[in-house]
Amino acid sequence: MKYPLSKLFRLVRLTACILVLFSSCNKSDSVSSTQGSDHPGIDSLVSMDAPASFNYETFREVALDVTLLAPDNTPIANVPVSFLNKSKEMGGTVLYKSLTDENGKISGTLKIAISRVEVNPIDVPVDTDHDGVNDVYDDFPTDPTRAYLNYYPSAATMGTVAFEDYWPFSGDYDMNDLVVDYRYAVVSNAINKVVEMKAKYGLKAAGASYKNGFGIEFPFAPSLVSSVTGSLVSSNHVVTLGSNGCETGQSKAVIIPFDDAAAAMNTTGLFNTYTGGQYFTRDTISMNIGFTRALTQTELGTAPFNPFIIINGVRGREAHLAGYTYQQSGYKIF
Ligand SMILES: [Ca+2]
Ligand SMILES: [Ca+2]
């Protein structure tokens, strides 16, 4: 019986293609590991999970076990057979070539490169400073001690606090004795602990004949503060700052942006308060607060923290925002 060999070869090619399509990846359980960190302020870095037996090879081996049979199921022996990666008409190339044996059988192994056609490349995360936060998310991509920068209330806006220094007496409830804008920039590390805070205070208006100062009490101990820069403390000796820039004698950290609003603006008297009076473009006081160790977000507290005014240069007369308490040193709300 005669067989149309070209038809049989097409059958063999089809069989080979099916074998290629059914080659598969190894399945395996995943493992993860945790390692310590050499970076200050960072407790640990967690490595990426990877399958324990993931196959990194860029080719696959496909076992050939093909038997050529005639329609009457008799073997087709000693005929050359080629295996192509795709049809000859589509430009396929020969992957394997052999003669069938007496039983019409071909056995062997094909090595097939894994195709990258129409496969999206895998993004390789870049973490330049190796702090565990990829560069695209790292606000400080070359500083392993810093990762995130958050603003309160926002990067583009400032909050405002206003105080009345005659409080709680009636007759002067204009709340313009000291008006201060604020914005905090909080720098945290890869595990979201705070390593530094930058503060900006905009001295907006002073409508008082008193020499009023401005301070902020934070919920953490002054011993956790390594440095405070930017305080505008006059020669009036209203407050005393310690070597770390916090006010001395306080159980909680207290910073003093200024102790005399007019002196901070290099003027005297009221400003930005009434038509025809002194007017200044709002000045901004920039302060920087460093910590002896990274603080949790809970330890840091929440803006605007506990701002207050020091009334007329008398340390011991304070006015706070509604709902906030005076400091533990015994200074009272006036
Ligand atoms: Ca990083
Ligand atoms: Ca970083």
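## Close-up views of a predicted model

**View 1. The largest nonpolar core.** The largest nonpolar core holds 46 residues. Val180, Val194, Ile255 and Ile309 have the most contacts inside it. Strand β11 (residues 178-188) gives this core the most, with 7 residues. A nonpolar core here is a set of buried Ala, Val, Leu, Ile, Met, Phe, Trp, Tyr and Cys residues joined through C-beta atoms within 7 Å. A residue is buried if 20 or more other C-beta atoms lie within 10 Å of its own, exposed if 12 or fewer, and partly exposed in between, with C-beta atoms placed from the backbone. Helices (H or I, at least four residues) and strands (E, at least two) are DSSP runs, numbered from the N terminus.

This is a predicted model, in which local features need pLDDT of at least 70, side-chain atom pairs count only at pLDDT 80 or more, and totals for chains, interfaces and linings use all residues. Residues are numbered from 1 along each chain as its sequence is written, while chains are lettered from A and ligands numbered from 1 in the order in which they are written.

**View 2. The whole protein.** The secondary structure comes to 3 helices and 19 strands. Of the 334 residues, 28% are buried. Two residues are in contact if their C-beta atoms, placed from the backbone, lie within 7 Å. Take the contacts between residues at least 6 apart in sequence: 60% of them join residues at least 24 apart.

**View 3. Contacts of Val194.** Leave out residues up to four places away in sequence. Val194 then touches Val186, Val187, Ser188, Phe291, Ala294, Leu295, Gln297 and Leu300.

View 4. Strand β13 (residues 213-217) is mostly covered, with 5 of its 5 residues buried. In a regular strand the side chains alternate between the two faces of the sheet. Gly213, Gly215 and Glu217 point one way from β13. Phe214 and Ile216 point the other way. Two strands pair if DSSP finds at least two bridges between them. β13 runs antiparallel to strand β17 (residues 306-310), and 5 bridges join them. Gly213 stands opposite Ile310 in β17. β13 also pairs with strand β15 (residues 254-258), in the antiparallel sense, over 3 bridges. There, Phe214 has Phe258 as its bridge partner.

**View 5. Leu241 in its loop.** Leu241 lies in the loop between β14 (225-229) and β15. It counts as partly exposed because it has 16 C-beta neighbours inside 10 Å. Leu241 touches Ser231, Val233, Cys246, Glu247, Thr248 and Ile256, not counting residues up to four places away in sequence. Leu241 and Ile255 are 14 residues apart along the chain, and their C-alpha atoms are separated by 8.4 Å.

**View 6. Two cis peptide bonds.** The peptide bond from Tyr152 to Pro153 is cis, with omega near 0°. Pro153 sits in the loop between β9 (148-152) and β10 (159-163). Another cis peptide bond joins Ala303 and Pro304, with omega about 10°. Pro304 sits in the loop between α3 (297-300) and β17.

View 7. Asn78 is not a glycine, yet its phi is positive, about 60°. Asn78 is in the loop between β5 (59-67) and β6 (80-84). Asn78 counts as exposed because it has 10 C-beta neighbours inside 10 Å. Phe305 also has a positive phi, near 60°, in a residue other than glycine. Phe305 is in the loop between α3 and β17. Phe305 is buried, with 21 other C-beta atoms within 10 Å.
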